[in-house]
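Hi,

Here is the structure I said I would pass on. Have a look at it first, and my notes follow below.

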Amino acid sequence: MIEKKANWLACLAIALSVLSSVSCGEGTSRDAELESALSFAGENRHELEKVLGHYAEGTLRHEAARFLVVNMPGHYSFRDTLAMGRYASGVDSIVSAMAGAGTDSIRKAVDSLAERLGIGSLEKAYDSRTITAEYLIRNIDAAFEAWEGGRWARHLCFEEFCEALLPYKSAELQPLDGWREMLDSAHVRLLDRLDYCDLYRNSPLAAAKVVNKALTDSVRPKADAKGVRHPHLPVRTLASLHMGECSDYACIAAAYLRSQGIPVYIDFTPQWAFRDLGHTWNVLPCCDGRNVPFSGVCTQPGQPHKEDERMPKVFRHTYARNPELCRLNSVEGYVPPVFRNVFVKDVTRESLLARDATVPVQPGVDGAAYLAVFDNREWTPVAYGTASGGKAVFRDMGTGVMYLPVRYDGSGTMLPIGDPFVLGYDGTCKPAVADLDSVRDVCLRRKYPVLPYVYKWLYRLEGGEFQASDDPRFRRRTVVHTISANHAWGHEVQLPDSLPAYRYWRYISYVKGAFCNMAEMSFYHQGDSLPLEGTVTGTSGSWKDNPGVTREKALDGDLLTFFDSGDPDSAWVGIDLGRPVKVERIVYYGRGDGNAVEAGDLYELFYWDGGGWASLGRKVAERPYLPWRGVPSGALLLLRDLTKGRDERIFTYEDGRQSWW
């Protein structure tokens with residue numbers, strides 16, 4: 001899931017001018033920094049001064065109040081709280097009235113309500129100019145009570161407390177509605193039971209597991225249920241929707257945990273290194289110094305979290321502004337949206353193996369530079385650095401990732417400034433440069449990598465057999481092919497000339513729990529390019545009587561459909577050709593994602609020529625693979641199916657196969 005891109009970036013422009021001119025200046029005094037923040041508050045200045053005056057100078061509570069006030073410019077909420085209240089109340093009514101309905105129906109109803117109320121066009125207001133002293137004091141006192149008098153946050157230093165427990169909201173545009181008080185009794189009884197165990201009595205890890213497990217049970221998150229268009233709702237209302245994106249769940253978990261005095265951060269990667277979208281999750285600071293990641297609401301602290309999914313960069317949402325990003329925004333004519341939010345900090349080295357990357361760039365490029373990764377359609381920036389003297393330096397980058405050095409002109413156009421490269425685990429940078437003087441032949445079988453959701457099905461075809469017979473019940477049969485391995489691409493089986501003609505042909509699955517997951521199979525007469533036609537036969541019925549996965553789906557010409565039998569073992573699907581036919585070859589695909597090369601589709605192959613994608617031509621696939629001649633050695637490649645589909649991924653060709661990046 002991707003971090004939501006709201007239009008609040010425009011709202012930061014005014015605040016950034018203040019932050020960069022005073023707060024981010026070298027040697028700025030504490031008094032000048034505070035005065036700048038108070039001036040930014042305008043007519044609401046007196047409310048912030050009340051908060052500062054409420055606490056004695058020199059105390060931690062006064063320092064915490066100052067921390068909130070100084071960093072408040074740039075944080076914002078909705079100005080029309082009445083409209084947001086009507087929206088929240090309406091959503092509560094929809095959830096109650098549509099209890100038991102599907103998430104798609106509820107989402108449509110909520111989005112329709114938001115459209116009627118004009119939520120998408122509501123004006124935003126800076127917290128500095130709207131927040132009340134009473135609200136801020138109440139939040140500061142509650143946070144300190146949880147830190148100093150609670151059980152789960154005593155191990156935090158003051159700086160950690162200011163980010164993991166103190167903030168008066170867990171996300172921008174969260175209503176300033178007294179969420180701590182509304183949520184603080186939600187799981188008290190469950191947490192009190194931890195007192196029975198000496199090991200758990202003061203363990204934030206144990207406490208977080210209790211609260212997060214309760215959230216999982218009540219929210220019932222669905223991995224494929226995207227959130228509503230405008231999720232800026234009271235936390236309880238947002239949790240009641242039973243749908244959302246990872247960023248929604250992370251904010252829900254942060255609010256509930258902090259209301260119980262359990263410290264937590266929100267981290268994110270702006271873009272995965274190997275596919276589209278990004279991800280947001282929670283991080284729990286434990287007593288032993290570990291920071292434990294977990295997907296709030298969805299998975300528990302301590303469970304494996306995206307262990308094999310490569311990330312180029314990891315950032316943490318913060319309440320305090322990042323001076324580096326303030327400076328970047330103040331001196332550059334254009335900054336990509338992901339780095340216009342100055343309330344994040346780089347925590348990559350805390351999260352994964354990271355190395356610095358120093359790479360050559362075009363002469364004359366000076367100032368801000370960025371590293372981008374491919375998001376299946378285009379390059380998207382994930383890190384910023386500095387270029388000078390023909391090289392650019394980027395700190396703490398994820399390894400095993402293909403990057404492209406870029407910069408932006410004043411209009412926001414991305415311009416490559418160096419060759420794409422892979423950052424190795426040892427910190428070496430291996431460029432991917434097309435050698436036009438050294439070309440080779442390649443064989444392409446897919447346009448997209450095999451991801452876990454496909455991998456988990458592939459074993460189901462192992463050991464399966466293609467059989468031929470003149471008996472419709474296959475009591476007498478000839479085994480013509482046994483599947484020894486099932487990669488997620490199309491397989492072509494050439495049959496011997498000595499094999500006689502048969503009327504009945506089938507695939508039968510012998511793997512326990514395989515459910516005969518054949519996506520597509522076709523049989524060809526000698527010299528024919530079109531598959532033979534006949535009557536589909538085989539095991540009747542389907543998994544849970546689903547009409548979309550019957551045996552006919554294995555011969556419907558669609559790689560995205562498949563046979564999913566109601567019988568887990570020894571199910572089969574076949575074809576009655578009506579007469580004995582001498583079959584020359586069989587082509588088959590196991591259950592997958594539709595990204596394997598398919599005969600009849602039109603493809604175009606590209607290579608990166610240093611400034612963009614250059615075409616190597618178009619070709620219609622004649623077989624379940626694409627032989628391509630004259631491909632530059634060392635090139636970064638991209639295969640696009642022009643007939644259907646949208647998934648595509650960059651790759652290099654190494655050791656006779658595609659290596660995905």
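**Helix packing and salt bridges**

A208, V211, N212, L215 and V219 in helix 11 meet Y249, I252, A253, Y256 and L257 in helix 13. Sorted by type, the residues of this contact come out as 9 nonpolar, 1 polar and no charged. Do keep in mind that this is a predicted model.

Now the salt bridges: the count comes to 40. A few examples:

- E63 pairs with R30, with the closest N and O atoms 3.2 Å apart. Because E63 lies in helix 4 and R30 in helix 2, the pair ties together parts that are 33 residues apart in sequence. E63 is partly exposed at 26% relative accessible area, and R30 is partly exposed at 46%.
- E492 and R623 meet through their side chains at 2.7 Å, N to O. This pair links distant parts of the chain, 131 residues apart: E492 is in strand 19, and R623 is in the loop between strand 26 and strand 27. Both count as partly exposed, E492 with a relative accessible area of 22% and R623 with 29%.
- R585 forms a salt bridge with E584, the closest N and O atoms being 4.0 Å apart. Here R585 is buried, at 5% relative accessibility, whereas E584 is partly exposed at 23%.

There is a network too: R349, D356, R395 and D396 are joined by salt bridges that share partners.

Cheers

Note on methods: Residues numbered from 1 in each chain as written. Predicted model: local features only at pLDDT ≥ 70, side-chain atom pairs only at ≥ 80, totals over all residues. Heavy atoms only, no water. Contact = heavy atoms within 4.5 Å. Helix = DSSP H or I, 4+ residues; strand = E, 2+ residues; numbered from the N terminus. Nonpolar A, V, L, I, M, F, W, Y, C, P; charged D, E, K, R; others polar. Buried < 20%, exposed > 50% of the residue type's maximum accessible area, 1.4 Å probe, protein only.
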